[in-house]
Amino acid sequence: MRIILFGPPGAGKGTQAKLLEDRLDVPQLSTGDMFRSAIKNKTPLGVKVNSILASGQLVSDETVVNLVGESINQAIYQKGYILDGFPRTVPQAEAFDQLLMEKDQKIDAFIILEVPDEELISRISSRGEGREDDTPDKIKVRLDVYKDETAPVKDYYEDKGICHAVDGVGTVEDIFARIMEKLPPVHKY
Ligand code: ADP
């Protein structure tokens, strides 16, 4: 089961990805988490992307695609994954398609979490994770980047007929139930 969780910063992708991970028994693959962990551990990748994450801008497509390409070859991702934070640009989506085609794999569902801007801003401002990019000016940058570069990814998947919009406002449990309803039935239990 391969799922893409899509939506703006603060939409709750990480929270829902963790719930899906437990329910479906396939691991979450979060590019943001991978970058933050690389930064924390001061790996060469971390050193390279540190200032980019702090600024709220996007890491280069090449860097992200290489990272995801290497990751999905790992044993733990062979039964599937819940992608959170990738693909974030149309070129990333195209490159990812190419990678999947080479492996003769496909994405089962593309879930878009829809949350109004005011709610996103208030959630991120109050989540208190101490992220350097959670300040008001960086939140604005991230929302702008989302609208300009990431939102078009939705149209890309719309054409494939696997897109499902989910209302991302409500309790964590309600939103999770809405997502489960959209997944292919064979994977529910
Ligand atoms: P959020 O969705 O809350 O903004 P993420 O954890 O998904 O947070 O991403 C944090 C940051 O990591 C992004 O602002 C960006 O700098 C970088 N990043 C994560 N995924 C990608 C990606 N697919 N392409 C480019 N940059 C990325």
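Colleague: Where does Pro87 lie, and what makes that place a loop?

Modeller: Pro87 lies in the loop between strand S3 (81–84) and helix H5 (90–102). Helices (H or I, at least four residues) and strands (E, at least two) are DSSP runs, numbered from the N terminus. The peptide bond from Phe86 to Pro87 is cis, with omega near -10°. Keep in mind that this is a predicted model, where local features need pLDDT of at least 70 and side-chain atom pairs count only at pLDDT 80 or more, while totals for chains, interfaces and linings use all residues. Residues are numbered from 1 along each chain as its sequence is written, and side-chain values use heavy atoms, with hydrogens and water left out.

Colleague: How many helices and strands does the protein chain have, and which pattern do they follow?

Modeller: There are nine helices and five strands. Going along the sequence, you read β-α-β-α-α-α-β-α-β-α-α-α-β-α.

Colleague: Why does Lys42 count as exposed?

Modeller: Buried means under 20% relative accessible area, exposed over 50%, and partly exposed in between (1.4 Å probe, protein chains only). Lys42 reaches 68%, so it counts as exposed. Ser51, in helix H3 (residues 44–55), has 55%, so that one is exposed too.

Colleague: And how do you know which label Ala17 gets, buried or exposed?

Modeller: Its relative accessible area is 0%, so Ala17 is buried. You'll find Ala17 in helix H1.

Colleague: What is Ala17 in contact with, leaving aside its neighbours within four places in sequence?

Modeller: Contact means heavy atoms within 4.5 Å. With those neighbours set aside, Ala17 touches Leu5, Gln28, Ile82 and Asp84. Asp84 has contacts of its own beyond four places in sequence, among them Leu5, Lys13, Gly14 and Ser30. Asp84 and Lys154 are 70 residues apart along the chain, and their C-alpha atoms are separated by 14 Å.

Colleague: What share of contacts joins residues at least 24 apart?

Modeller: It's 74%, counted among contacts between residues at least 6 apart in sequence.

Colleague: What makes the radius of gyration of the protein chain agree with a compact globule?

Modeller: The radius is taken over C-alpha atoms, and the globule rule is 2.2 Å times the number of residues to the power 0.38. For 189 residues the rule gives a value near 16 Å, and the chain has 16 Å, so the two agree. As for burial, 44% of the 189 residues count as buried.

Colleague: And why is a space called a pocket rather than a cavity?

Modeller: Rolling a probe the size of a water molecule over the atoms shows where empty space is left. On a 1 Å grid over the protein atoms alone, a cavity is a set of points where a 1.4 Å probe fits but cannot get out, while a pocket is an open set with protein on both sides within 12 Å along at least five of seven lines; lining residues have an atom within 4 Å of a point. The largest pocket here holds about 980 Å³, a volume being the space filled by probe spheres set on the grid points, which are joined across faces, edges and corners. Of its 48 lining residues, Pro9, Gly10, Lys13, Arg127 and Arg131 are the closest to its centre. Elements giving two or more residues to the lining include strand S1 (2–6), helix H1 (13–24) and helix H7 (136–150).
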